[in-house]
Amino acid sequence: MVKICCIGAGYVGGPTMAVIALKCPGIEVAVVDISVPRIAAWNSDQLPIYEPGLDEIVKQCRGKNLFFSTAVEKHVAEADIIFVSVNTPTKTRGLGAGKAADLTYWESAARMIADVSKSDKIVVEKSTVPVKTAEAIEKILTHNSKGIKYQILSNPEFLAEGTAIEDLFKPDRVLIGGRETPDGQKAIQALKAVYANWVPEDRIITTNLWSAELSKLAANAFLAQRISSVNAMSALCEATGANISEVSHAVGKDTRIGSKFLNASVGFGGSCFQKDILNLVYICECNGLPEVADYWKQVIKVNDYQKSRFVNRVVSSMFNTVSGKKIAILGFAFKKDTGDTRETPAIDVCNGLLGDKAHLSIYDLQVTEEQIRRDLSMRKFDWDHPIHLQPMSPAAVKEVSVVWDAYEATKGAHGICILTEWDEFKTLDYKKIYDNMQKPAFLFDGRNVVDVEKLREIGFIVYSIGKPLDSWLKDMPAVA
Ligand code: NAD
Ligand code: UDX
């Protein structure tokens, strides 16, 4: 029986290995992690991440050919193929701080593999890493090899959270990069055989190592760039009376452009886009390409602009102050169908409003109070460095309450901000909500989920990103 071990039981390692176990009954899959609580959760009824469809698969395979364990060294030693799916956060200090990827976790995993291995291994980069990382990993492994042969493959993951299982079942493509040597090609074929259990062969692309590593950063940069492009247009729509939904629809109908990923929003979030673009920027700078670095940097700048523009719009609409006013925040996760809050735009929007002394009442379907409070008190980039977590600052969270019901969150509020596109927010009883709010009642839709005209009929003053402005908002000072 082929044995696979995956180091890192996170948002990628957990779902990816669960699907491999489901689709390949002849393979034994062990997912290992240094985090004891995370592994305990994977072995319980309350999985550590929320992902539609994941529970059923884990229930079906766990204890048969899928195991979650903290016995990292044992499972690594026994495996034929080792996936490394550890976090690769942005560096917070030292050379490249604020941009470069921190490979501390990756390097310690590689050193551990070198220490405990007693047989030849295929080591697969599943984490998103800077181009050329495989070369560094190869050096760590071979300098400590004790005669053991290692083949490094790059097999970046393209799943999106909230649709991870769907994406893993039917990937647009699986990308495998390896050395162009006979041994390298053999390793590529071995990994290809795993995916071929359910992925059609024409969807499995093989390349050299550096193309695979760079393609992952490039794909995320292209996706994020589309969102910043449409968000930049949304600002112009508001200034001119054009409607971003109509513009997106018209632009996306061009088959060369396509309709996906053109939804204007309060800004993109998630653990990948910002981190990977910053990493790309750093790589460009290190390769003497400042113009290319500046081009990609702009994608992040527009994203930051979109978040601060939203906060400014809220404050300026509400008579230039939200001090002491109750603002209901509907949605805190970075997108619907996940409880993940990493880099969620809600953090910057909430902090912006708290900076203006607002009182926030926050409701999300999946995010816990503990998580929200931690997010609002953490320093930038610290979220992905669990070992260095900063203590909470009580002053920063005092004006925040977290509730488990949208009606409770909005009761007595002066304004509502919708920050995640949860389906529930489309079907709330907005008349009931309006009746229980302070007047004038404001609603700021950061995800374009509500029916603006209907809400205006009820009496709300509505702002929806990139949509023609309410006459009330037109009379307010311009938003920069
Ligand atoms: P995560 O933080 O959810 O999981 C990483 C896990 O690795 C953590 O549980 C951590 O405890 C564990 N870990 C760290 N060092 C370890 C070590 N030495 N030994 C054992 N375990 C260790 O991260 P994630 O979201 O799963 O992302 C992992 C990688 O995949 C990142 O490089 C990310 O960029 C990439 N990626 C993420 C997504 C996504 O949607 N989240 C999608 C594609 C690619
Ligand atoms: C992303 C990539 O899509 C995935 O391929 C990669 O493997 C990891 O990074 P993820 O971050 O999980 O996935 O979610 P995604 O659906 O890409 O959304 C990212 C952010 O962009 C979210 O905040 C989402 O709300 C926002 N978004 C997305 C928009 O604002 N508008 C859109 O049109 C699409």
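1. In the residue classes used below, Ala, Val, Leu, Ile, Met, Phe, Trp, Tyr, Cys and Pro count as nonpolar, Asp, Glu, Lys and Arg as charged, and the others, Gly among them, as polar. By these classes the shell around ligand 1 has 11 nonpolar, 11 polar and four charged residues.

2. This is a predicted model, in which local features need pLDDT of at least 70, side-chain atom pairs count only at pLDDT 80 or more, and totals for chains, interfaces and linings use all residues. Residues are numbered from 1 along each chain as its sequence is written, while chains are lettered from A and ligands numbered from 1 in the order in which they are written.

3. The chain holds 19 helices and 14 strands; helices (H or I, at least four residues) and strands (E, at least two) are DSSP runs, numbered from the N terminus. With a radius of gyration of 24 Å, close to the 23 Å that the globule rule gives for 480 residues, the chain is as compact as a globular protein of that length. The radius is taken over C-alpha atoms, and the rule is 2.2 Å times the number of residues to the power 0.38. The C-alpha trace spans about 75 × 45 × 45 Å along its principal axes.

4. The domain assignment gives domain 1 (2-199) and domain 2 (221-474), with bounds from an automatic or database assignment. Their contact takes 16 residues from domain 1 and 20 residues from domain 2, where contact means C-beta atoms, placed from the backbone, within 7 Å. On the side of domain 1 that touches domain 2 there are eight nonpolar, six polar and two charged residues. The C-alpha centres of the two domains lie 32 Å apart.

5. Around ligand 1 there are 26 residues, and Gly8, Gly10, Tyr11, Ser127 and Thr128 come nearest; a residue is near a molecule or strand if its C-beta atom, placed from the backbone, lies within 6 Å of it. Helix H5 (residues 104-116) gives the most to this shell, with three residues.

6. Ligand 2 is surrounded by 19 residues, the closest being Asn263, Ser265, Phe268, Gly270 and Cys272. Its shell draws at least three residues from each of domain 1 and domain 2. The largest share, three residues, comes from helix H9 (residues 209-240). By class the shell has 11 nonpolar, five polar and three charged residues.

7. Of the 480 residues, 48% count as buried, that is, with 20 or more other C-beta atoms, placed from the backbone, within 10 Å of their own; 12 or fewer make a residue exposed, and values in between partly exposed. Helix H13 (residues 345-355) is mostly covered, with eight of its 11 residues buried. These buried residues pack against helix H12 (290-317), strand S9 (326-330), strand S10 (359-363), helix H14 (369-377) and strand S12 (415-418). One of them is Leu353.

8. Leu353 also belongs to the largest nonpolar core, of 73 residues, where Leu353, Ile329, Leu330 and Cys417 touch the most other members. A nonpolar core is a set of buried Ala, Val, Leu, Ile, Met, Phe, Trp, Tyr and Cys residues joined through C-beta atoms within 7 Å. Apart from this core lies another, of 61 residues, among them Ala9, Ile20, Val29 and Val58.

9. Ile34 is found in the loop between strand S2 (27-32) and helix H2 (36-42). Ile34 is partly exposed, with 18 other C-beta atoms within 10 Å. Ile34 and Thr70 are 36 residues apart in sequence, and their C-alpha atoms are 5.9 Å apart in space.

Note on methods:
Two residues are in contact if their C-beta atoms, placed from the backbone, lie within 7 Å.
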